[in-house]
Amino acid sequence: MYIECYSCADLKCYMVLFEAEKTAIGSICFLAGPFTFLENALVLGVIAATAALRQRPSYLFISSLALADVFASCFFTTSFLDFHLFHRLDSPNAYLFKLGGVTMAFTGSVGSLLLTALDRYLCIHQASSYKVVLTRRRALLALLALWSATILISFLPLMGWRCPTGLSPPCSRLFPYIDHRYLACWVSFILVLLSLILGAYALILWRANRHEASMTGLQGAPTRGQARMRLDIRLARTLGLILLIMVGCWLPTLSFMLADVSVQLKGAQQRAFAFCSTMCLVNSAVNPLLYALRCRELRVALMRLLGGLSEGLGCCQRHVGGDTTTTLPLGEGNSCSAHSESEAPRLVSCRPNTVSEMVGKQQLDMTGK
């Protein structure tokens, strides 16, 4: 039987899972961890091997998201299983280093989601000047700033901002050696990022709705494309799915962290948090399906790479030399193309001069399908 422990002598006070819970949570990690790693590594490989894609700011942000989720699949899975299933007792510095890796992965993932949302916001709100506003150089600087801040914030406990009483109150009951003030600051930072993501997608949906309504008024009777489904309704469904998954995976975890700051959690709450934290790994597994593999250009590049690989396996010898990277006829070098067929940025190509022209272009595309 588990006995509540309010004053901890070692890390065993945080190892609270029962055998059935270990089996369930361990199964999630063993399934989601390798799957998350493979699909995000695939996204990184396709973008790195395709010259046209790796020049686009949109795909740079998707690469950052995939890299963060690769880190999450490695750091979270190994540290979580080591701690909760195999009861590995690390030194304070070793534990905080592992926790810093997990924090870096998830912070980088949410930060990359924000950059992706801002990219889509700029694409539809500043379509005519998108290529001037968001250059590849500025995208790289944004990623450099994101990852520099992420690494600094994540390893602050290892650098000295840790609980002064070791494992005893008022330290966190969810993370050994973690100061309540640091936990509160990190949760607040993540909530700000999530709020900005929600705001960006809300503005995208608002703009799409306005121009869909204006185009309907100008054209009078619905076109064939409109008869299928209004684009803003399709957009709302897609963004609703994205936000539902993101909030559903993150909100329970962040709620427990906020509760840990204000009250002293018991064993039942610690066990519930252990399960909720695996939902963040599930979010990392879903991200490539929502942000990368739904992009038509990336799928085309993937098919070409797979086709080239199958041809290579069928040949005994290949001519050596030349550029082996895959290229795509993607037109201009900086257009907002890293979006699925049903998302707002596909309403535009960032080439027409007005948003109305962009919406009209998309409707013509739909009518011709």
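1. Buried means under 20% relative accessible area, exposed over 50%, and partly exposed in between, with a 1.4 Å probe and protein chains only. On that basis, buried residues make up 50% of the 369 residues in the chain.

2. This is a predicted model: local features need pLDDT of at least 70, side-chain atom pairs count only at pLDDT 80 or more, and totals for chains, interfaces and linings use all residues. Numbering starts from 1 along each chain as its sequence is written, and side-chain values use heavy atoms, without hydrogens or water.

3. The fold has 11 helices and zero strands. Helices (H or I, at least four residues) and strands (E, at least two) are DSSP runs, numbered from the N terminus. Contact means heavy atoms within 4.5 Å. Of the contacts in the chain with a separation of 6 or more, 80% join residues 24 or more positions apart.

4. The accessible surface comes to about 16,800 Å² (Shrake-Rupley method, 1.4 Å probe; for residues, only the protein chains shown count as cover). Carbon and sulfur atoms hold 68% of that surface.

5. The unreviewed UniProt entry annotates "transmembrane region" at residues 24-47, 59-83, 95-118, 139-161, 181-206, 238-259 and 271-293. UniProt positions follow the numbering used here, feature names are shortened, and annotations may be inferred rather than shown by experiment. Residues 24-47 are 100% helix and 0% strand, with end C-alpha atoms 35 Å apart. Residues 139-161 are 70% helix and 0% strand, and their end C-alpha atoms lie 31 Å apart.

6. How many cavities of 30 Å³ or more does a search of the whole structure find? There are two. A cavity is a set of points, on a 1 Å grid over the protein atoms alone, where a 1.4 Å probe fits but cannot get out; lining residues have an atom within 4 Å of a point. Points are joined across faces, edges and corners, and a volume is the space filled by probe spheres set on them.

7. The largest cavity has a volume of about 570 Å³. It is lined by 33 residues, with Tyr95, Leu99, Val102, Phe175 and Phe273 the closest to its centre. Helix 2 (57-85), helix 3 (92-125), helix 6 (180-219), helix 8 (231-262) and helix 9 (267-292) each supply at least two lining residues.

8. Threonine 103 sits in helix 3. Why does threonine 103 count as buried? Because its relative accessible area is 12%. Leaving aside residues up to four places away in sequence, threonine 103 touches Ser154, Tyr182 and Trp186.

Note on methods: 1 Å grid on protein atoms, 1.4 Å probe; cavity = no way out; pocket = protein on both sides within 12 Å on 5 of 7 lines; lining within 4 Å.
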